[in-house]
Amino acid sequence: MAGSPSGKTGQKLMGGGSTVVSVDAPEGPDRRLCGKKRRWQLTVFVLCWLSYVMFYFTRKPLAVTKAVLEKDLKLSTDWLGRLDTAWLTAYALGQFVSGPMSDTMGPKVVLLTGMSGSVICCLCFTAIPHVASLTFFWFVNGLCHACGFPAIMKCLHSWFGPAERGA
């Protein structure tokens, strides 16, 4: 075995009385600890993945409602383009800030704040049909989205070592 100095799992070394146990197959309490860690890693991975999916769902309403906004609010394609530009600009600017925010405030706080803010912005976006408010809320939504990916990666980094990340 590569995990044991002698090459064999469970073999006694040089008459010292100690037994080498493979790192790959822990025994006793270590086996339970390893299993718990794996379950927590799976839980954290699934929750991070679901968080990113939820961010994606609060990113798509503009694309779905463009035709309705153009018809009902008489928005030109220029204004619809400005809404897209507002979101993308805020997202790009927020990427510079959200990484350090995750380091100082903690990734869970930043992730929860970003997700909550994005939901609130989407609700306000649908409730207040005025061009200036649409632009403002969609800009803030972009800032909230910028908090997502860096915070999720920080959470995953805490639970998975370099070998488990493929580094």
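Okay, hi everyone. Some ground rules before we look around. What we have is a predicted model, where local features need pLDDT of at least 70 and side-chain atom pairs count only at pLDDT 80 or more, while totals for chains, interfaces and linings use all residues. Residues are numbered from 1 along each chain as its sequence is written, and side-chain values use heavy atoms, with hydrogens and water left out.

So, what is this protein built from? Seven helices and zero strands. A helix here is a DSSP run of H or I with at least four residues, a strand is a run of E with at least two, and the numbering starts at the N terminus. Read from the N terminus, the order is α-α-α-α-α-α-α.

Now the overall numbers. The protein has 167 residues, and 29% of them count as buried. Buried means under 20% relative accessible area, exposed means over 50%, and partly exposed is in between, using a 1.4 Å probe and protein chains only. The accessible surface is about 10,700 Å², and 70% of that belongs to carbon and sulfur atoms. Those areas come from the Shrake-Rupley method with a 1.4 Å probe, and for residues only the protein chains shown count as cover.

How about contacts along the chain? A contact means heavy atoms within 4.5 Å. Take the contacts between residues at least 6 apart in sequence: 65% of them join residues at least 24 apart.

Let's get to helix pairs. Two packed helices are described by the angle between their axes and the distance between the axes. The axes are lines fitted to C-alpha atoms, for helices over the stretch in contact, and the angles run from 0 to 180 degrees between N-to-C directions.

First up, α3, residues 77-105, and α4, residues 107-127. Their axes come within 6 Å and cross at roughly 125°. That makes α3 oblique to α4. On the naming: under 35 degrees is roughly parallel, over 145 is roughly antiparallel, 65 to 115 is roughly perpendicular, and the rest is oblique. Who meets whom? On the α3 side we have M101, S102 and M105, and on the α4 side P107, V109 and V110. Sorted by class, this contact has five nonpolar residues, one polar and no charged ones. Nonpolar covers Ala, Val, Leu, Ile, Met, Phe, Trp, Tyr, Cys and Pro; charged covers Asp, Glu, Lys and Arg; the others, Gly among them, are polar.

Next pair: α5 and α6, with α6 at residues 148-159. Here the axes come within 5 Å and cross at roughly 15°, so α5 and α6 are roughly parallel to each other. C144, H145 and A146 of α5 make the contact with G148, F149 and P150 of α6. By class, that's four nonpolar, two polar and no charged residues.

Let's stay in α5 for a moment. T135 sits in this helix, which spans residues 131-146. The T135 side chain reaches the backbone oxygen of V131 at 2.9 Å. That's a polar contact, meaning a pair of N or O atoms within 3.5 Å; within protein, one must be able to donate a hydrogen and the other to accept it, and residues adjacent in sequence count only if both atoms are side-chain atoms. Setting aside residues up to four places away in sequence, T135 touches W79, L83 and A86.

F139 and W87 are 52 residues apart in sequence, but 4.7 Å apart in space, C-alpha to C-alpha.

Over to α1, residues 29-57, where we find V44. Is V44 buried or exposed? It's buried, at 12% relative accessible area. Beyond residues up to four places away in sequence, V44 touches C155, L156 and W159. The C-alpha atoms of V44 and C155 are separated by 7.8 Å, though the two residues are 111 apart along the chain.

Then P61, in helix α2. P61 counts as partly exposed at 24% relative accessibility. Leaving aside neighbours within four places in sequence, P61 is in contact with C122 and W138.

Last stop: K74, in the loop between α2 (61-72) and α3. K74 has a positive phi of about 55°, although it is not a glycine. K74 is exposed, with a relative accessible area of 67%. Thanks, that's my tour.
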